[in-house]
Amino acid sequence: MDKSVGIIGIGIMGTAMARNLCQAGFNVVGYDPVPAACARLEDSGGRVLASPRAVAEVAPIIIMSLPKAEALSNAIGGAEGIAQAAGTGQIVVECSTLPMDIKQAAFDEMERHGKILLDCPISGTGAQAVNKDLVILGSGDKDAFERCAAVFTGMSRVQHYLGPFGRGSVMKYIANHLVTIHNVAAAEAMVLGIKAGIDPALVYDTLADSAGTSRMFQMRGPLMRDENYDAPTATIRMQLKDIAIIDAFADSLDCALPVYAAASKIYQAGAALGRREQDTAAVCAVLETMHGIDRKKLTS
């Protein structure tokens with residue numbers, strides 16, 4: 001088996017996936033337009049190449065984790081994009097959370113050039129990615145998905161094949177709908193405890209293993225407890241990008257999401273309060289601001 005694998009997009013998620021794949025024995029090659037991202041790949045044990053096209057001419061399987069639609073369009077269809085790479089049959093595993101029409105356009109471009117695009121968004125945070133605690137929501141060509149099994153095992157905990165291309169994105173929208181709500185619910189519970197005079201550490205320690213817990217409470221509760229928001233594994237800015245995508249998807253189905261809509265407003269308030277680049281756990285600080293809570297005064 002060819003042990004070369006490509007990475008396009010070396011942000012929080014891409015860096016963690018590249019490091020885990022290197023540790024699993026793969027020869028990782030990659031590209032990112034940001035020099036600091038390229039440095040992270042080299043620090044992880046990978047090799048930087050000059051373009052997405054160059055990556056696809058070395059690696060038969062390429063993982064793609066990108067921040068926005070334009071990045072996907074350029075990485076696939078640009079002058080130095082993957083579609084222009086020599087050869088056929090390369091598989092791109094597209095892991096980003098993006099609008100479905102953008103992914104479909106990339107799929108069509110790849111197909112025109114004899115290459116395969118899989119729609120495989122990932123459920124999990126950057127912190128989970130470090131420990132391979134990711135769930136792959138896969139869709140597209142089933143044979144191609146199965147050919148990626150060893151790569152998936154090297155970077156994730158669970159892999160679900162969900163059917164035709166696009167089904168993975170739909171499932172990711174649903175998963176992020178829950179994440180949006182559960183994160184704010186965790187923050188609201190923390191604030192209720194603070195308002196009742198209970199130390200945040202005691203709130204977390206008591207509820208983390210209770211019937212009321214959630215994966216978001218377990219993951220982000222310690223950040224809320226410690227007011228640790230400046231080393232993000234997912235930012236409020238990123239969450240707002242996903243919220244806009246989910247809003248549009250739900251609108252296309254005439255599906256009202258009232259609980260989700262209420263939770264979304266807290267992220268928007270976070271951006272307005274200058275917390276856009278902080279971890280999404282900072283919704284707790286937003287709610288504290290709304291309630292006039294100053295923890296320094298509470299402990300003085």
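How many bridges join strand β8 to β9? Four bridges join them, and β8 (residues 135-138) and β9 run parallel. The views below come from a predicted model, in which local features need pLDDT of at least 70, side-chain atom pairs count only at pLDDT 80 or more, and totals for chains, interfaces and linings use all residues. Residues are numbered from 1 along each chain as its sequence is written, and side-chain values use heavy atoms, with hydrogens and water left out.

**View 1. The three-stranded sheet is open, with the order β7-β8-β9.** Its pairing is mixed; two strands pair if DSSP finds at least two bridges between them. Helices (H or I, at least four residues) and strands (E, at least two) are DSSP runs, numbered from the N terminus. The edge strands, β7 and β9 (158-161), each pair on one side only. I136 has Q159 in β9 as its bridge partner.

**View 2. Six strands make an open sheet in the order β3-β2-β1-β4-β5-β6.** The pairing in this sheet is parallel. At its edges are β3 (47-48) and β6 (116-119), each of which pairs on one side only. Two bridges link β3 to strand β2 (residues 27-31) in the parallel sense. The bridge partner of V29 is R47 in β3.

**View 3. Helix α5 lies across β5 and β6.** The helix spans residues 100-112, and β5 spans 91-94. Helix α5 runs at about 155° to β6; axes are lines fitted to C-alpha atoms, for helices over the stretch in contact (heavy atoms within 4.5 Å), and angles run from 0 to 180 degrees between N-to-C directions.

**View 4. Domain 1 (4-164) and domain 2 (170-297) are given by the domain assignment of the chain.** Such bounds come from an automatic or database domain assignment. The C-alpha centres of the two domains lie 28 Å apart. Their contact takes 17 residues from domain 1 and 14 residues from domain 2. About 1300 Å² is buried between them, 62% of it from carbon and sulfur atoms; buried area is the accessible area (1.4 Å probe) that two parts lose on being put together, summed over both. I12, T97 and T125 supply 37% of the area that domain 1 buries against domain 2, more than any other three residues.

**View 5. R215 forms a salt bridge with D133.** The closest N and O atoms of this pair are 2.3 Å apart; the rule asks for a side-chain nitrogen of Lys or Arg within 4 Å of a carboxyl oxygen of Asp or Glu. Across the interface of domain 1 and domain 2, this rule finds one salt bridge.
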